[in-house]
Amino acid sequence: MDILKELVAKEINRRDFTKLCAAVAAVFGMPKAFSKDIAFAAENAMKKPAVIWLEGQDCAGCSESLLASINPSVAEIVLDTLSIRYHETIMAGSGYVAEKAREDTIKEGGYVLVVEGSIPTADDRFCMIAEKPFREILLETAKNAAVIIAVGSCATFSGGIPGATPSKGRGVTHFIKDKPVINLPSCPLKPSRLVATVMYFLASGKAPEMDKYGRPLAFYSTLLHENCPRRGHFERGEFVTDWNDSGQREYCLLLKGCKGPKTYTDCAQVWWNDGANFCINAGAPCSGCSQPEFYNVFSPLYEKQQTFNIGPNTTVNLDTVGRTMMGVAGAGVIVHGLGRLASKSNDEEE
Amino acid sequence: MVTSDITVPRRIYHWVDFVSVVALIITGWYIYMPFSWAPGLMGTMRMIHFVFMYIFTINLMLRIYYGFFGKTGDWERFIKLDISKDTIVWSLKHYLLFRDCPEKGRCGVFQNIAHVVIVNLFFLQIVTGFLLYYPESRLLSGLTYYLGGLTMVRSIHFFFMWVMVCFIIVHHYMAMAEEFDKVKLMFFGVGKEKPKLTELDVSMPAGAKAKAKK
């Protein structure tokens, strides 16, 4: 096995490698026997399946997050074994050479397409690469891709933070309807999710089981609120109301705008940055970055709100609406009551 | 002779409904935004909300069963609207200008609409409530998706609560002001119904109404 030699060079022994493959299989709830397939997939990956990584309106945070994984990890194996033909942030080539690499790969076909960053819908000129609109680049590259993975909140659903800007950025599914797109939302991308999805695809040749939003169920089927480490404080009614009160440090963040009760993610079980921490544990309310409602409907992030989304960028606060309705009903009843009394006294006079 | 259609099962339903709706609104409001003067009750409030959720649901199911197979058989009340140009004009005049009703029992358009809306609202409230109660259920996630996601389901549930609050305000005012006898009858089973009823005629099944007209 060639792969073992390479792995030994990277100080990963056979045992670690088997464990990592089993871990990938376990994430998707596949039987243990399947980890053999994962191992084969990893070995086959030595043949370097091609990857094109496109960046639209993004901050390169997803790339950063993936590249910064601590070694030795599955991420490293995959990153080192996959042949990343085109990645604007990390590739050495530039200009015509770089664009040619992409075009050649498209001609070959059967590559993995990873999209990071949103696509502007207001005007193509918001995002131009090599004198071409990013929208066209995406459609052209998606045509021959074996699998399309949209990573990060910008490339999924309503475009995350760029979706709230005048460029009206939207996710990949907004443009590509005829091909299945695997959405891996969250801001930034959680590296373990991409690696596991790629490994699963290489092992089984198909996309993992997904929910209605195109998110793999393996990562997005549990509600954060149900698994929150602060859940006990929620049940006991202990809420953070004042950031400066150290006595409330461990309390539930609901009143500070935590979107945990509306967010499907495995953050509470699988922590970020190789298990270093995650938002709520670090004392920040969940901003719901793995939900389609992020960022428009969920803003302002640090305020609790109940809103109706009436347009792509327009929301109504239901608390205000409800209070107004109640006020109108109450006032109407009082006016009607007075009118009734007046008309009765009129009747009596007559 | 006009016999009362407010039978004992209907009275029991109304009582249970009254208590559970009030409890659900108070506890639901607390779950939405815990009262700052009583912050430590979230677990209790949620528990009460869930208990009354079941009571309310079973109660409504029994009431619908009674509507179909019970003595009064008034299931048409849940869906039937008696709306025409005449009845709307009469109702507007009756309620806003305090005119007498030209045709007996046909000025209750708004009450009619309100009752149909509120019964169907109860249904939607139960459905959205259960979607929120089982957020991780794969069986229900499809419906949640078509309603616009969990955030939207929450918003719908919350908005309907406000509609119900408005209904309660108007319903109580109307019942107290217009038909206090009926309130006594509904809650305590005492008192007589006035012969000139606005609600009863609307609420009677079509067949019974035709008979009464003859």
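**Entry 1: end of α8 in chain B**

I looked up what follows α8(B) and found G189(B), whose phi is positive, near 70°. Helices here are DSSP runs of H or I of at least four residues, strands are runs of E of at least two, and both are numbered from the N terminus. This is a predicted model, in which local features need pLDDT of at least 70 and side-chain atom pairs count only at pLDDT 80 or more, while totals for chains, interfaces and linings use all residues. Residues are numbered from 1 along each chain as its sequence is written, chains are lettered from A and ligands numbered from 1 in the order in which they are written, and side-chain values use heavy atoms, with hydrogens and water left out.

I then listed the buried residues of α8(B), residues 180–188: K182(B), V183(B), L185(B), M186(B) and F187(B). Buried means under 20% relative accessible area, exposed over 50%, and partly exposed in between, with a 1.4 Å probe and protein chains only.

**Entry 2: chain B overall**

I counted 10 helices and zero strands in chain B. Of its 214 residues, 41% count as buried. Among contacts (heavy atoms within 4.5 Å) between residues at least 6 apart in sequence, 61% join residues at least 24 apart in chain B.

**Entry 3: α2 against α5 in chain B**

I examined α2(B), residues 42–69, and α5(B), residues 109–133, whose axes come within 11 Å and cross at roughly 140°. Axes are lines fitted to C-alpha atoms, for helices over the stretch in contact, and angles run from 0 to 180 degrees between N-to-C directions. On the α2(B) side, the contact is made by F50(B), M53(B), Y54(B), F56(B), T57(B), L60(B), M61(B) and I64(B). On the α5(B) side, I noted F122(B), F123(B), I126(B), F130(B) and Y133(B). By class, the contact has 12 nonpolar, one polar and no charged residues. Ala, Val, Leu, Ile, Met, Phe, Trp, Tyr, Cys and Pro count as nonpolar, Asp, Glu, Lys and Arg as charged, and the others, Gly among them, as polar.

**Entry 4: the sheet of chain A**

I traced an open, parallel sheet of five strands in chain A, in the order β2-β1-β3-β7-β9. Strands pair if DSSP finds at least two bridges between them. The edge strands β2(A) and β9(A) each pair on one side only. The twist averages 20° from one strand to the next. Strands β1(A) and β3(A) pair over five bridges, and V51(A) stands opposite V112(A).

I found α6(A), residues 95–108, packed on the sheet, touching β1 and β2 of chain A, at about 130° to β2(A). Helix α7(A), residues 134–142, lies across β1, β3 and β7 of chain A and runs at about 160° to β1(A).

**Entry 5: the loop between β9 and α8 of chain A**

I located S186(A) in this loop; at 1% relative accessibility, S186(A) counts as buried. Its side chain has a polar atom 2.8 Å from the backbone oxygen of P188(A). Sequence neighbours up to four places away aside, S186(A) touches G152(A), S153(A), R193(A), W272(A), C289(A) and S290(A). P188(A) is in the loop as well, and the peptide bond from C187(A) to P188(A) is cis, with omega near -5°.

**Entry 6: further backbone checks in chain A**

Most residues other than glycine have a negative phi, and most peptide bonds are trans. I recorded a cis peptide bond between F294(A) and Y295(A), with omega about 10°. In the loop between β5 and β6, A130(A) has a positive phi near 50°. E131(A), with phi about 65°, is exposed at a relative accessible area of 77%.

Conventions:
Polar contact = N/O pair within 3.5 Å; in protein donor to acceptor, adjacent residues only side chain to side chain.
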